[in-house]
Amino acid sequence: SCLKTLILSENKSYDYMEKIYNKDKEISDKLKKEEQKNKDSKNETTKSKNEIKLNFLKDKLDNFVDDIKRNIDETNTLVDDFLKIVPYSQFEDKILYMKLKGDFLRYKTKYYKYKEDRDRCVNQCEKCYTEAIELAKKNKVNLNSPILLATQLNYAVFLYEVKYDKENSVSFLTTVLSSVNTTQNDKECLNIIKTMKENIFIWG
C-alpha cells in the first residue's frame with residue numbers, strides 16, 4: 001500500500017505542481033502590474049490605494065509560498081517514513097521513493113529568497129537523485145526500467161533547470177540513451193526515452 005500511495009503521489013505531482021506554478025505566476029504577474037501602476041502614478045491618492053493592493057498581493061504570495069514549502073516538507077517526511085520500512089531487497093521501491101523526494105525538493109528550490117537556503121535544498125535534491133541512481137547501479141537494475149529511466153530523466157532536468165548546467169544535463173542523457181534498448185515495446189519506457197531525446201534536442 002505504501003508503494004501504491006507513492007505511485008499515485010508521483011502521477012499527480014506533476015499536474016499539481018504545474019497548477020501551483022501557474023497560480024504563483026498569476027499572483028507574481030499581478031504584483032508586477034500593481035508595482036508598475038504605483039510607479040507610474042502621479043496621483044497620491046491612487047498611489048496610496050495601489051500600495052494597499054501591493055501589500056495585499058505581497059502577503060498573499062508569501063503565504064502561498066509558505067504553504068507550498070510546508071506541503072512539500074510534509075510529503076517528504078512521509079517519503080522518509082516509507083524509506084525506513086522498505087526492506088533493502090526492494091531496492092526499486094527505494095529508488096522510486098528517493099526519486100519522488102528529489103522531485104519535490106526540485107520544486108521547492110524555486111521558492112527560496114536567500115541563496116544559502118536554496119543551495120542547501122539543491123544539495124539535498126542532488127543527493128536524492130544521485131543516491132537513487134547509484135543504488136540502481138549497485139543492484140544491477142535493468143537499464144530499461146521505467147523507474148530508473150524516470151529518475152535519470154528528472155536528474156537531467158534538475159541539472160538543466162536548477163543548476164543551470166546545460167552541458168552536463170545533455171551529456172548525462174546522451175550517455176543514458178547510449179546504454180538503453182530503444183527498440184523494446186514497453187510503452188512507459190518508450191515515452192521516457194522519447195522525452196529524453198526531445199530534451200537533448202531542445203537543450204542542445
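How many aromatic pairs does a search of the whole structure find? The search finds six. Rings of Phe, Tyr and Trp (its six-membered ring) pair if their centres lie within 6.5 Å; planes under 30 degrees apart count as stacked, over 60 as edge-to-face and the rest as tilted.

This is a predicted model, in which local features need pLDDT of at least 70 and side-chain atom pairs count only at pLDDT 80 or more, while totals for chains, interfaces and linings use all residues. Residues are numbered from 1 along each chain as its sequence is written, and side-chain values use heavy atoms, with hydrogens and water left out.

**The whole protein**

Begin with a cartoon view. The protein has seven helices and zero strands; helices (H or I, at least four residues) and strands (E, at least two) are DSSP runs, numbered from the N terminus. Of the 204 residues, 41% count as buried. Buried means under 20% relative accessible area, exposed over 50%, and partly exposed in between (1.4 Å probe, protein chains only).

**Helix α3**

Next, select Phe-104 and Tyr-107. These two residues form an edge-to-face aromatic pair, with 5.8 Å from centre to centre and 85° between the planes. They lie three residues apart in helix α3 (residues 91-108), and are therefore separated by about one helical turn. Both Phe-104 and Tyr-107 are buried.

**Helices α5 and α7**

Now select Tyr-160 and Trp-203. Their ring centres are 4.5 Å apart and their planes are at 10°, so the pair is stacked. This pair links distant parts of the chain: Tyr-160 belongs to helix α5 (residues 146-162) and Trp-203 to helix α7 (residues 187-203), 43 residues apart. Is each residue of this pair buried or partly exposed? Tyr-160 is partly exposed, because its relative accessible area is 29%, whereas Trp-203 counts as buried at 7% relative accessibility.

**An aromatic cluster**

Select Tyr-129, Tyr-155, Phe-158 and Phe-172 together; these residues form one aromatic cluster.

**The cysteines**

Finally, display the cysteine side chains. A disulfide is a covalent bond between the sulfur atoms of two cysteines; here the term is applied to a pair of cysteine sulfur atoms within 2.5 Å. The structure holds zero disulfides. Cys-128 is in no disulfide, and the nearest cysteine sulfur, that of Cys-125, is 6.6 Å away. Cys-128 counts as buried, because its relative accessibility is 10%.
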